[in-house]
Amino acid sequence: MFRQPRSRRALPLGLFAAAVFALPLALHSPYALSTLTLIGLYTIVTLGLCLLMGYAGQASLGQAAFVGLGAYGSAILTRAFGLPGWLALLCACALTAAVAWLVGIPVLKLRGHYLAMGTLALGVIVNIGLREWRSVTGGPSGLAGIPHFALGPLTIKGDLQYYYLVWALVCVFLLISLNVVDSRFGRALRAIRASESAAESLGVDLGRIKLAVFVLAAMYASISGSLYAHYMTFISPGPFDLDSSVQFVLMAAVGGLASIWGAPFGTATVVLLALAIRELALAIVPQAGGEYQAVVYGVLLVLIMIFLPEGVTVSGMRYVRERLARGLWVQKVRRGGRGL
Amino acid sequence: MRKRAPLDLTRSVITAIGVTLLAYVCLRAALTVVRGSYSATTYASQLIFGLAQGGIYALVALGYTLVYGILFMINFAHGEIFMGGTYVGYFVIDACARSGLLAQKPGLALILTAITAMATSVTMAVLLERVAYRPLRRAPRLVPLITAIGASLFYQYSFRGLFGTTVKVYPDVSLHVGRIDLISGRYSIGSLTVRPVYFVVFGMAVVLMAGLYILIQRTKLGKAMRAVAEDKDTAALMGIDVDKVIVATFALGAALAGAAGVMYALYNKQVTHTMGFIPGIKAFTAAVLGGIGNIPGAMLGGLVLGVVEATFPTLLGMDVQLKDVLAFGVLVLVLIFRPTGILGEVLSRKRA
């Protein structure tokens, strides 16, 4: 009933991978490539957030903190201890998972708004830690000179190589997430979102499942952070603050919180829209700063939640599918996720 | 309730962490006091500052608690409403300072500023309720939270877009009563330096809170608010216009926040578009600390948080830069160990 046939999952994923592979052939500007790489990095975080918020219904307003832990973990391990990139990434991921596990045990007892505020507070605490623990994190000025990502004898360098590395990982994480959602675990997540008490009465171990998905989302975030650090070769606490956490929520919400496929599209929409707004604002007001972006973000978030609570991608896809179905006389329209 | 092994493990881990933290805090504080590295005047001046700051937190916390009491939602954008009032208040008091009104009739200028600030905050809050919250009253609970974040971004960056990123500074106000300058004065009593402004702020906060309490307990509107908080549908059947009461609740909370903003700016001076965020979350902490939805709880929670924040960094030998960590830590700990707050037992169990 819930499980899709493997071929139905393989086809879109194959198409997606092909598109991802082909895209740089059509693009020649390094600016476009680096934007796409960043979209890929954010997509990985958003995927985790979709599982956590969309499927399990557990809010997190501190996801950027886990990205930061991954980024700083990788940066410190490669700079100070000379670990190769892949090993640093795995270690940072394990450390972040451990932190998420320890933090998750008490915090996930909270529900709804309380959980959101709890994760928000934790995110702010981590960010203050990154700023103030100068001897380790370099304080507000951050860490520079992070080596490029080394994968065995291979060193990833340049926008194109990072693009392929990041998007290959995006495909892997998409596959993992799609499998997770269709598994017994995924059904448990949806059961929790629908009703915690009902899920518990049916034998779902609430504490363990919530903790597992929280740690999973943190690991996604950490890996994205590690790659971000290597790609940028410089990190500061700025990109890992509350605004970024909110931005990840926005990306997930635009794509459709309960939609794995929504994540890459939501992320891309938000990033590209932000760029477009900046260009537009600069064209109208030459000295415009980033504030217009945030104003539009805010309005968008409100509008999407009121009019398209399932997310732009999901609603859009349903519309297309319904039109197709009407045309082809196909009765069954598979419903996507049901928003929050 | 049946208990299972993993839950017990969780519980014991949490309890262990809590007890260790508490023991550490007590020990550190006791050590600092016994060693006598700080004189009694240090603690006294911190206490006075803490009470004033706590009064501000309490006033803002009331906005969270009032809304939560009726709608069971956290008005995430309340910090921005506090900021908006303070910001617009700046323009009024600055104009007064330029025109000389502030020097001649400081009382009148302050009242004008406060009224404008409160009106701005109320407008922002009512708009927020109408646009971002009312359409979602029956939506799942995470949805209004996300729109609230959106609204918060919108307000914050609209102010940045409109008025720029430069820090605005409230002008110095001299309000003499007898020979004492209530706002800008500094007086030495022995080795203790006293700023009367802290007493004024604390006193005003208490007066406003008392006013709110009377309004809630003694007036028809207050009765309607309590009825809606108890049960919206029944209240509607009794002929109460629920929408109107909800708007009034938002407006009341916002008016308190606007007044608090001006009082805050009297001693803190600096106004920026980001000034709402940290006090907003701290006020939320205060509301949770006292038991969210509970009005006396918010007042108590605000004062406790203000005093804790003012005295604990010295008591624990912490870096002052880490002051914010303290407040956020308190938030996380209270949420985990006593989500019902100090006074909120019955209320929160029913509604959390």
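The model is predicted: local features need pLDDT of at least 70, side-chain atom pairs count only at pLDDT 80 or more, and totals for chains, interfaces and linings use all residues. Residues are numbered from 1 along each chain as its sequence is written, chains are lettered from A and ligands numbered from 1 in the order in which they are written, and side-chain values use heavy atoms, leaving out hydrogens and water.

Visitor: How many salt bridges does the structure hold over all chains?
Guide: A salt bridge is a side-chain nitrogen of Lys or Arg within 4 Å of a carboxyl oxygen of Asp or Glu. Counted over all chains, the total is 8.

Visitor: Which residues are linked with B:Glu129 in a network of salt bridges?
Guide: Start with two pairs. B:Glu129 bridges to B:Arg134, with the closest N and O atoms 3.2 Å apart. B:Arg137 also bridges to B:Glu129, at 2.7 Å. The network links B:Glu129 with B:Arg134, B:Arg137 and B:Asp243.

Visitor: Is B:Glu129 buried or exposed?
Guide: Buried means under 20% relative accessible area, exposed over 50%, and partly exposed in between (1.4 Å probe, protein chains only). B:Arg134 has 22%, so B:Arg134 is partly exposed. B:Arg137 has 29% and is partly exposed too. B:Glu129 has 1%, so B:Glu129 is buried.

Visitor: Which residue forms a salt bridge with B:Lys282?
Guide: The closest N and O atoms of this pair are 2.8 Å apart. The pair links distant parts of the chain, 27 residues apart: B:Lys282 lies in helix 11 (residues 277–290) of chain B, and its partner in helix 12 (residues 295–315) of chain B. Helices (H or I, at least four residues) and strands (E, at least two) are DSSP runs, numbered from the N terminus. Both residues are buried, and the partner is B:Glu309.

Visitor: Where is A:Thr233 found?
Guide: A:Thr233 is not a glycine, yet its phi is positive, about 60°. At 24% relative accessibility, A:Thr233 is partly exposed. Its place is the loop between helix 10 (206–232) and strand 4 (234–235) of chain A.

Visitor: What is the phi of B:Lys269 near?
Guide: B:Lys269 sits in the loop between helix 10 (242–268) and strand 6 (270–271) of chain B. At 16% relative accessibility, B:Lys269 is buried. Its phi is positive in a residue other than glycine, near 65°.

Visitor: What area do chain B and chain A bury between them?
Guide: Contact means heavy atoms within 4.5 Å. The contact takes 47 residues from chain B and 43 residues from chain A. Buried area is the accessible area (1.4 Å probe) that two parts lose on being put together, summed over both. Here 80% of it is on carbon and sulfur atoms, and the total is about 4,000 Å².

Visitor: How many salt bridges are there between chain B and chain A?
Guide: The two chains share 1 residue pair in polar contact, both at pLDDT 80 or more. A polar contact is a pair of N or O atoms within 3.5 Å; within protein, one must be able to donate a hydrogen and the other to accept it, and residues adjacent in sequence count only if both atoms are side-chain atoms. The salt-bridge count between chain B and chain A is 0.
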